[in-house]
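Hi,

Here is the structure I promised to pass on to you. Have a look at it first, and then read my notes below.

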Amino acid sequence: SIVDPQLRPGYHFQPPKNWINDPNAPLYYKGWYHFFYQYNPRGAVWGNIVWAHSVSRDLINWVALEPAIEPSIPSDQYGCWSGSATMLPDGTPAIMYTGIDRPGVSYQVQNVAYPRNRSDPLLREWVKPGYNPIIVPEGGINATQFRDPTTAWRAGGRWRLLVGSVAAAGGGGARGAAFVYRSRDFLRWARVRRPLHSAPTGMWECPDFYPVEAAGRREGLDTSVPGRPRVKYVLKNSLDLRRYDYYTVGTYDRRAERYVPDDPAGDECRLRYDYGNFYASKTFYDPARRRRVLWGWANESDTTADDVAKGWAGIQAIPRTVWLDPSGKQLLQWPVEEVDALRGKSVTLKGRVLKPGQHLEVTGLQTAQIDRSVVESFGAGGETCILSRVYPSLAIGKNARLYAFNNGKADVKVSRLKAWEMRKPLMNGA
Ligand code: DQQ
């Protein structure tokens, strides 16, 4: 049946049970990668949202800790929604997140939380200062479409962060907007009147805004990197209506507090991180390996009834290193290099020609432990990525096979194909 337990992925981030959605506040601290995510502790459907928390040494093997942020103060008592982490100059991570502060309507405010004990590398306990919330909807902002604060960045003695929202609808429907809030002390935040950017796309959830090295350098940049001519910016938005993440590459004018995409047609949402199932994504700068790492959520594509029967719903994509293509026009992505450490026995095929309609089976590997209900593909060196959810009813366990096939009209030369068996990582005790 479709709820065969063998459909559980083996390599993609997942808790032992229940519903998960957006990645939240990924960060690196004292030798540990931290990953938080939207989680329903009571079931396999969205609701009762808290921030679950896991830690890892390598972004691949994960250990689950107690939830880090749960409803506990007036300004988050009806839900702890998405947010991000910012590393303060003294090395303390701060988490900013959206709280729901009243029942019924999801009225949204932004809160801050700090680690109780900075010397705990696992950051197990988070404290919410009494001055929360730090940002409330004002000045005509729609309080039910005002959420998902970004990592803050600092320039010229001032902090800035973005909150996803809508700008006053003019003519062609709701404009997605990312509002800028600024602060000198990380405590009192004031909105800049005009948004950083907006476009006629419907609401922007989970904005992400970060610098990248211009032209092809794979190295990542800290979110607060000082402006330099060879630095470009990426603005990513999650489209509430279309359910995908699009981005543009452009320039950031920090005096005007405005972002301008290089390609005037960029806001037609042509560039996506992923052309499959991938939403509410978020990057962070990893100082240990000087790279920018992207996390994204893939939901189930079976039915809610199947999710309830399975007892789980949602996975995270394999974390990806992300950098700017040498053309400067789009990003490239590749699974973090640590995933290679799971590789075992391999087979290689070389110089094989596939005529139209032909296929070729890759044999000699144990395929029973492949990743079941997910196929995540990276094409053309990371130019095009597609994560698909699939629920095979026959190709399960020992019945799964690996093929190269040619469904086109011309011969295809497979110059080199290499496939590996994979060892199973630790996955939150599941
Ligand atoms: N999921 C969160 C929101 C966010 C949405 C709630 C995106 O904060 O806008 O679980 O998937």
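What follows is a short tour of what turned up in it.

Please keep in mind that this is a predicted model.

Let's start with the overall layout. Where the domains meet, 18 residues of domain 1 are in contact with 13 residues of domain 2. On the domain 1 side, strand β24 (residues 331-335) gives the largest share, with 4 residues. That side of domain 1 is made up of 10 nonpolar, 5 polar and 3 charged residues.

An unreviewed UniProt entry lists residues 370-421 as "domain: Glycosyl hydrolase family 32 C-terminal". In the model this span is 48% strand and 0% helix, and its end C-alpha atoms lie 8 Å apart.

Four strands make an open, antiparallel sheet in the order β15-β16-β17-β18. β15 (204-213) and β18 (258-261) are the edge strands, each with a single partner, so one side of each has no neighbour in the sheet. From one strand to the next, the twist averages 40 degrees. The antiparallel pairing of β15 with strand β16 (residues 231-239) runs over 8 bridges.

Which residues come nearest to the ligand? Of the 13 residues around the ligand, these are Gln38, Trp81, Ser82, Glu205 and Ala280. The elements that supply two or more residues to this shell are β1 (18-29), β5 (80-87) and β15. By class, the shell holds 4 nonpolar, 5 polar and 4 charged residues.

Finally, two backbone details. Most peptide bonds are trans, and most residues other than glycine have a negative phi. Against that background, the peptide bond from asparagine 132 to proline 133 is cis, with omega near -5 degrees. Proline 133 sits in the loop between β8 (126-127) and β9 (146-147). Arginine 243, although not a glycine, has a positive phi of about 60 degrees. You will find arginine 243 in the loop between β16 and β17 (245-253).

Notes:
Residues numbered from 1 in each chain as written. Predicted model: local features only at pLDDT ≥ 70, side-chain atom pairs only at ≥ 80, totals over all residues. Contact = placed C-beta atoms within 7 Å. Nonpolar A, V, L, I, M, F, W, Y, C, P; charged D, E, K, R; others polar. Pairing = 2+ DSSP bridges. Axes fitted to C-alpha atoms, helices over the stretch in contact; angles between N-to-C directions. Near = placed C-beta within 6 Å. UniProt positions renumbered as here; feature names shortened; annotations may be inferred.
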